Amino acid sequence: MQARGNLAVVTVSGELDIDSAPGLEADLAPVADVGRPLILDLAGLRFCDCAGLSLFLRLQQRARAAGGSLHLAALTPRVLRVITAARLADVLPITASVADTVAALNEQAAG
């Protein structure tokens with residue numbers, strides 16, 4: 001995890017599936033519970049199944065409950081296709097890059 005001011009940026013790479021999601025959730029749940037914006041950099045995520053999508057939703061719920069937020073950045077076309085097919089593109093905040101997410105959050109805080 002990388003802290004950028006009040007933001008937490010976590011790089012997720014490889015495969016996110018039923019085998020890896022529980023371990024990632026154990027790592028990320030405490031970060032989501034802090035109540036600050038959590039940005040997941042997914043540029044290196046090659047595969048995501050329904051277990052990964054479910055994890056994103058649980059993390060979003062935890063972050064919101066603590067007063068924070070969850071943001072997905074730099075999705076690969078394959079992962080974006082899965083999120084879109086599951087009709088979660090309007091539920092999960094998605095940006096093209098971590099820098100775009102940081103800029104949007106800074107704009108939101110200033111506005």
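Which side chain meets R62 in a salt bridge? Select R62 and D33: their side chains pair up at 2.6 Å, N to O. Bear in mind that this is a predicted model. R62 lies in helix α2 and D33 in the loop between α1 and β3, so the pair ties together parts that are 29 residues apart in sequence. Color by accessibility if you like: R62 is partly exposed at 33%, and D33 is partly exposed too, at 38%.

A search of the whole structure turns up two salt bridges, so let's go to R58 and E25, whose side chains meet at 2.8 Å, N to O. Here R58 sits in helix α2 and E25 in helix α1 (residues 21-32), so this pair links parts 33 residues apart in sequence. Is E25 buried or exposed? E25 is buried, with a relative accessible area of 18%, while R58 is partly exposed at 31%.

Last stop: D49. Find it in the loop between β3 (37-48) and α2 (50-65). D49 is buried, yet it has no salt bridge. Which side chain of opposite charge is nearest to D49? That's R58, 9.4 Å away.

What does the side chain of D49 reach instead? Zoom in on the backbone nitrogen of A51, at 2.9 Å. Now show L16, D17 and I18: D49 is in contact with these, leaving aside its neighbours within four places in sequence.

Key: Residues numbered from 1 in each chain as written. Predicted model: local features only at pLDDT ≥ 70, side-chain atom pairs only at ≥ 80, totals over all residues. Heavy atoms only, no water. Helix = DSSP H or I, 4+ residues; strand = E, 2+ residues; numbered from the N terminus. Buried < 20%, exposed > 50% of the residue type's maximum accessible area, 1.4 Å probe, protein only. Lys, Arg positive; Asp, Glu negative; His and termini not counted. Salt bridge = Lys/Arg side-chain N within 4 Å of Asp/Glu carboxyl O. Polar contact = N/O pair within 3.5 Å; in protein donor to acceptor, adjacent residues only side chain to side chain. Contact = heavy atoms within 4.5 Å.
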